[in-house]
Amino acid sequence: MAIDTQVAEIEVETSKAIAAASDEAGLEAIRVAELGKKGRLSLLMRELGGMTPEQRQVAGPALNGVKDRLTTAISARKAELELVAINKRLQSEREDLTLPPRPEPVGALHPVMQVFEELAAIFADMGFAVAEGPDIEDDFHNFTALNFPPGHPARETHDTFFLKPDVSGAKKVLRTHTSPVQIRTMVNQKPPIRVIAPGRVFRKDWDATHTPMFHQIEGLVVDKQVHMGHLKSCLTEAFSRFFEVATAQTRFRPHFFPFTEPSAEMDMRCDRSGAEIKVGEGNDWLEILGCGMVHPNVLRSCGIDPEEYQGFAFGLGVDRLAMLKYGMPDLRPYFEADVDWIKHYGFKPWLLPTVTGGLS
Ligand code: DAH
């Protein structure tokens, strides 16, 4: 077949194929088959070398002309196909702004978590960092290093959950308080220390005001020349902020904890005359937390010299504090995953409490 007939045929066939291509991949296949290195046109181009100059003068421009026209046609079809694809995507990904919004989410922050956040904000503002420790503790951290000698009666008051003994016969415990985090912090960190440790604790107990798992926050300050006055002013300031009163009146009652000496319980003024108890002012007193000066034996068991450093510590029940602040009468629904309860008592999770922006 004469070369010009072949070229004319290629042009007609390829133009049809280009017009019929329905996607970019198909178009690319056509380009490779006709114009690619081993494409039909390219093979014909190679024949130019064997032609007489007169033949070449006709065939050369004819081949090049077809090549240019087909290349242009392919680009034009490509642009068309891209436009179709984009319009299709725009159509399918369209947002219908006239749709009504989704119903309000029922998820809410649990009051215990809210109180954790509030106290963390208050103590962070006073320069405290947050420390953590494991829920499963050994006897050393939960008791011995905290100055509960083996066989000491105070161990019995904790209603401890023991795990099965390991090969050495030692029984791990579910921590009965957050005080072991004091030990972990003092062992790992040099004074000055200023931390709070929020967390879960476990005791065998179950009634309207006790659940086998509950929450505490521990506080610990270790530095030179720390005394009870610092403890009292720190707690008075923190709990005035927590209960949102200008300056709450607090009192310390002597108490006993193995890990503090002296030890005290702190009470705050409250008012029980209304339907709900009001904390911060009033004629009655309400017990809020336990505290004291870190016992020298505890400092020593963490490698801190009690002649050089002193510390104060405190520990409080977060669940009870949440009940007091937000007026919940019973502790048990806290852990019943009741959607109605959380809708009523829960907090908006995106409104994090801050001392300056408002706590509750
Ligand atoms: N660990 C104590 C408890 O669970 C609470 C406590 C009292 C912690 C006094 C302290 C403290 O750090 O100084 O009953």
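## Two cis peptide bonds

Pro192 sits in the loop that runs between α8 (180-188) and β4 (193-202). The model is a predicted one, and in it the peptide bond from Pro191 to Pro192 is cis, with omega near 5°.

Another cis peptide bond joins Glu261 and Pro262, where omega is about -5°. Pro262 belongs to a strand, β7 (residues 260-271).

## A positive phi

Most residues other than glycine have a negative phi, and most peptide bonds are trans. Asn147 is a residue other than glycine with a positive phi, near 70°. Asn147 is placed in the loop between α6 (139-142) and α7 (153-156).

## Domains

The domain assignment of the protein gives domain 1, covering 3-93, and domain 2, covering 111-345. Between the C-alpha centres of domain 1 and domain 2 the distance is 81 Å.

## The ligand and its surroundings

The space taken by the ligand is the largest pocket. The shell residues divide into five nonpolar, eight polar and two charged.

Which residues come nearest to the ligand? Of the 15 residues around the ligand, these are His177, Ser179, Arg203, Gln216 and Glu218.

## Contacts with ligand oxygen atoms

In the side chain of Glu218, an N or O atom is 2.6 Å from an oxygen atom of the ligand. For the side chain of Arg203, the corresponding distance from an N or O atom to an oxygen atom of the ligand is 2.9 Å. Both Arg203 and Glu218 are also listed among the residues that come nearest to the ligand.

The backbone takes part as well: a backbone N or O atom of Phe314 lies 3.4 Å from an oxygen atom of the ligand. On its own, the ligand has 350 Å² of accessible area, and the protein covers 91% of this.

Conventions. Residues numbered from 1 in each chain as written. Predicted model: local features only at pLDDT ≥ 70, side-chain atom pairs only at ≥ 80, totals over all residues. Heavy atoms only, no water. Near = heavy atom within 4 Å. Polar contact = N/O pair within 3.5 Å; in protein donor to acceptor, adjacent residues only side chain to side chain. Areas by Shrake-Rupley, 256 points an atom, 1.4 Å probe, with all protein chains shown as cover. 1 Å grid on protein atoms, 1.4 Å probe; cavity = no way out; pocket = protein on both sides within 12 Å on 5 of 7 lines; lining within 4 Å. Sits in = over half its atoms within 2 Å of the grid points. Nonpolar A, V, L, I, M, F, W, Y, C, P; charged D, E, K, R; others polar. Domains from an automatic or database assignment. Helix = DSSP H or I, 4+ residues; strand = E, 2+ residues; numbered from the N terminus.
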